[in-house]
Each structure stands twice: as C-alpha cells, then as structure tokens.
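Student: Can you walk me through this structure? Keep it simple, please.
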Amino acid sequence: MTTNQIDPEKLLPLTPAVFHVLLALAGGERHGYAIMQEVAESTECRIKMGPGTLYGTIKRLLEVRLIEESDERPDPGLDDERRRYYRLTGVGEQVVKAEARRYAGIVKLARGKRLLGGSLQAASTGV
Amino acid sequence: MSLPIDNKTLLRSQKTYKWLLVAYPKSHREEYGPAMSQVFRDQCRDAWREARHWGLIRLWLRVLPDLIQSSIVERFSALNERKSMFDKMAALFRPRLAPLFTFLAVFVTVLVLVLTASVVITFLLPESYASTARLKVEPEQENLFGGASPSETAPTYDPYFIQTTFEIIQDPIVLSKVINQLNLNGDWGKRYNGGVPLDTATTMKMLKQRLSLDTIRNTRLIEITVYSEDKNEAAQIANAIVQSYRDYRVQVHNEATARGIQMLQNQYQQDETSIRQAQADLESLRQQFKIGSGMTDPQSPQAQPYWDKKRELEQRLEFHKLLATKIEAEKIDVQIPTLGPVEVVRLAQPGNWPVRPNKPLNITLGAIVGIFLASVAGAISALIAFLVGERNRNTTAATGR
C-alpha cells in the first residue's frame, strides 16, 4: 500500500486513541512520552494512555503510513538519543483534518438540535 | 530524605515493567519494548515527583490494565499474521477440548495478572516500622485533701478510665508538646510537603494516624505504638508521648494537691480566728466568775459555763495542731519526687524489621483472590467456548457442511 492510494475518508471514523495521537503530532514531531503528555493535557487528563496503548497505536499508524519515524532531533544536545520521534505524513495530515471536519459536522448537528450551547457560526467554521 | 530508597523503588518498578513486557509478542517486544520501557521510566519519575509511593501505586493501577488489554490485542494481531498455522492447531483441539483449553488459558492469565499486581503493589507500598512503649496507669484518687497518692486510699472502679486515658493521650494537650519537642512540623514538612513546614493541625492529624493505643486485658497496662518509615523516629515519638502524658498526669496530680493544701490553710486560718475569739470569751468568763489562774476544778456550780467553754477550747486547739501538722506533711510530700499515677513499664525501642506492609499476607491474599477470580473467569470463558462450539456444530449439521 502506498500513500497515494489511501483515501482519507475510508479510514474514518478513527478511534479516540488514534485521533488524539494524530492531533498531538499535528503540532509537530514528538517522541512517545511527549505524545502521551500532549494527549493528557489536551483532554484535561480525561485520556491517559499507557505505554501499551500508545505504542500499539503508533505501530498501526506506522503500518498504514499515517505517521513516520523521524531521524532528526529538535535539539540533539538536550535530548536522549534513544528516543524515537514521530511525525505526520501527508496522508496522516489529510486523515486528521478529515476526522476533525467530521467531528465539526457532528458538533454542528448537535448545536442545530440545541444539544450544545454556543453559536452555530462557531461550529460551521470547522477545523 | 532517603534517596537510596527512592532509587531502589523506582528501579524495582522499572525492572518489573520490563519483565512484564513478555506478555507482548516477541516481534512487538523487540521493536517497541525499549521505547515502552523508556516511557514507563518517564512516567515513574513524574509519578514519584508528584506523590512518591502513592503516585507509583496509582501509575501501576493505570498501567496494568493497559498492559493486559494491549498485550491481548497484540497477541491476537500476531496470531492473525500466523493464521494458517493457528487454524491447523485449532482444528486439532476443536470442538471437544476447546472449553478446557479456554479455561486453562484464562485461568493462568488472570491468576498471573492478579498475583503480579498484588506483588507489585506490596513491594511498592512504603515500609513502616512500629515501636511500642508500655505504661501502667492509675486513676487519680480524690479525697478530702484533693490528691493524695493512690496508695493512701482504696482504688475505685471507673469503667471509662482506660477510654478516658486514650482520649487524653490523643489530645493536643499531650501531642502538641511531642510535636514541638521533636520538631515534627519541620521534619515532616521536609519529607512530605516539599520542604515547607506543616502546620500543627496537619501534623497532629498525621501523628494520630500513626498512633495506635491498646490495653492489656484485665490490667491497668496500656501500650502506645507509633508507626513510621524511620525506625528511630517511631521509638522517639512513642517515648515522647509517654513523657508528655506522664508530665500531664503529674501536673494534674500536683495541682490537685496544691488545691487541697490551700483548702486546709484556709480552714486553719478560719479556725485560728474563731479560737482567738473563744479565748477572749473564756477570759471574760474567768473574770466574771473570779476564777484564779491556778484553779483546775469548778469551785461553784455557777462557774460551770466557764469550764465547759474551756474544755471546748482545748479540743479545738488539739484539732488546730493536727491541721497544722497535716499541712506541713502535705507540703513535704509534694516536694518529694514520686512516680505519680503513671509508671513506665517499658520504653519504646527501634524495631528491627518493618511491620507494614505484611508481604506474606498480602501475597497470600493476592493468590487466594487470584485463584477465585481466575476460576470464575475461566469457567465463564469455558462455558462461552462450549456454547459457541455447540452452535457451530449445529450449524454445520444443519447446512450439511
């Protein structure tokens, strides 16, 4: 399977773990523990991934080439050489955007049915 | 601060996690095992910084279910990759032996996981030592003189005496002296509050949690036991509580005695005033009846009131002298050092071995609970496997395939 053959829409919906890992990597390349911390912070500690779930998810994302391992280090002098960094591929970026749009659509729908507060316009802007 | 213990605990956690990675398929372990270990090490470091031992226990309670779940997922994933081989093996066992193998697999897995969890948690719990001091306590005997030594009066039975003693020992009147004397606010602040001294109320609460009071049945002996991670500190605190309680009881005893002496002195002064008045009255009677100073017997019946008054005065003077003697005796008693109503039978010594956690008990309980849960989970799984097998057989029979 090559990256060009993947249709992002076909991979949706993503599991929460996959979506949050991709969201964390949308902010730039990160190593495993940094991804874990980013997920915990962005979800206000509602999602705390363990090492098993994290690397299981990373393994599957590498297999479908939504992410790739990076050889570069942000600051080699300050970082542990054994750490493995990951970043989004082009397809990964498309997939996370598509999933974010899907969520935005759901939020818009929920607001339309007055299940959520806030303005409709805010929801329609999407990600 | 005990840095070597910190390092030992963290290393033990990391080694255990590395060992538990055998739950994953070999290929997954080889590819991601070092990275997973490194992430766990980072988590351990943060959890320790956050709440020391309890932080690590909370981390393990999150990581173990994650490990179980993700290792099962990876195992299934690896099995799918070797599906053809698995199918051949499964065909050998199906359908009759499938429930048995399912039971064994689930039983062993659940038992190992529960046992591992109990071992990990037991070894992560902070160790604590106990030191016990033994006291003989006597109730304060109230009498006319307000606090004579217990041996002077018959003991009275007070069903609430031991309970009252326990409450006094746990009262700020005793414990605050211990906290100040051992500087527990500062020491425990360094150990548990990031170097910031604790307030006395918090320290008192923590001290009460580490304090255990017990009585020896049918005696007036009580035991004061203190638990601490530091064996010397446990003994110091127990002995300081003993000293503080004894000081309190001696103070109460002395105050009661002083009140008694004051009462006697007041009585003495009142008597002295009335005796002077009686002496003056007697003198006026003597002059009235013209009685000479050398006369000892009544000379005429008219002088009888004088002699009656004189006898009464002599009796009062006798009692007055006795009162003065008693006051002097009490004053001397107060100044003689005595054991008082509390006797230290045995001072606390530092313990040789930690008493908490009780490792053999915890692991045995873990094994018992593990066997129970493993049996239930295994039986349910075997039943499901049996029912699925039956359904498949019926389907095969119905379709003729």
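Student: Is Glu74(B) buried or exposed?
Tutor: Glu74(B) counts as buried, because its relative accessibility is 2%. Buried means under 20% relative accessible area, exposed means over 50%, and partly exposed is in between, with a 1.4 Å probe and protein chains only. Before we go on, some ground rules. This is a predicted model, where local features need pLDDT of at least 70 and side-chain atom pairs count only at pLDDT 80 or more, while totals for chains, interfaces and linings use all residues. Residues are numbered from 1 along each chain as its sequence is written, chains are lettered from A and ligands numbered from 1 in the order in which they are written, and side-chain values use heavy atoms, with hydrogens and water left out.

Student: Which residue forms a salt bridge with Glu74(B)?
Tutor: Arg60(A) does, and the closest N and O atoms are 2.9 Å apart. A salt bridge here is a side-chain nitrogen of Lys or Arg within 4 Å of a carboxyl oxygen of Asp or Glu.

Student: Where do the two partners sit?
Tutor: The pair crosses between chains, from helix α3 (residues 51-63) of chain A to helix α2 of chain B. Helices (H or I, at least four residues) and strands (E, at least two) are DSSP runs, numbered from the N terminus. Arg60(A) is partly exposed, with a relative accessible area of 30%.

Student: Why do such side chains pair up at all?
Tutor: Side chains of opposite charge can pair when their charged atoms come close.

Student: Give me one inside chain B.
Tutor: Take Arg220(B) and Glu138(B), whose side chains meet in a salt bridge at 3.6 Å, N to O. Arg220(B) lies in the loop between β2 and β3 of chain B, and Glu138(B) in the loop between β1 and α5 (161-169) of chain B, so the pair ties together parts that are 82 residues apart in sequence. Arg220(B) is partly exposed at 25% relative accessibility. Glu138(B) is partly exposed too, at 23%.

Student: Which residues are joined into one network?
Tutor: Salt bridges that share partners join Arg83(A), Asp42(B), Arg45(B), Asp46(B) and Arg49(B).

Student: New topic. What is the order of the strands in the open sheet?
Tutor: The open sheet has four strands in the order β2-β3-β1-β4 (chain B), with antiparallel pairing. Two strands pair if DSSP finds at least two bridges between them.

Student: Which strands stand at the edges?
Tutor: β2 (211-215) and β4 of chain B do. Each has a single partner strand, so one side of each is left without a neighbour in the sheet. The twist averages 30 degrees from one strand to the next.

Student: And β1 with β3?
Tutor: Strand β1 (residues 129-137) and strand β3 (residues 221-228) of chain B pair in the antiparallel sense over eight bridges. In β3(B), Tyr227(B) is the bridge partner of Ala130(B).

Student: Now the backbone. Which peptide bonds are cis?
Tutor: One runs from Leu12(A) to Pro13(A), with omega near -5 degrees. Pro13(A) is in the segment before α1 (16-26) of chain A. Another runs from Arg356(B) to Pro357(B), with omega near -10 degrees. Pro357(B) is in the loop between β4 (342-346) and α11 (359-399) of chain B.

Student: Why point those out?
Tutor: Most peptide bonds are trans, and most residues other than glycine have a negative phi.

Student: So which residues have a positive phi without being glycine?
Tutor: Arg114(A) has a phi of about 60 degrees. Arg114(A) sits in the loop between α4 (90-112) and α5 (120-124) of chain A, and counts as exposed at 76% relative accessibility. Arg52(B) has a positive phi of about 50 degrees. Arg52(B) lies in helix α2 (residues 26-81) of chain B, and is partly exposed at 24%.

Definitions and conventions:
Axes are lines fitted to C-alpha atoms, for helices over the stretch in contact, and angles run from 0 to 180 degrees between N-to-C directions.
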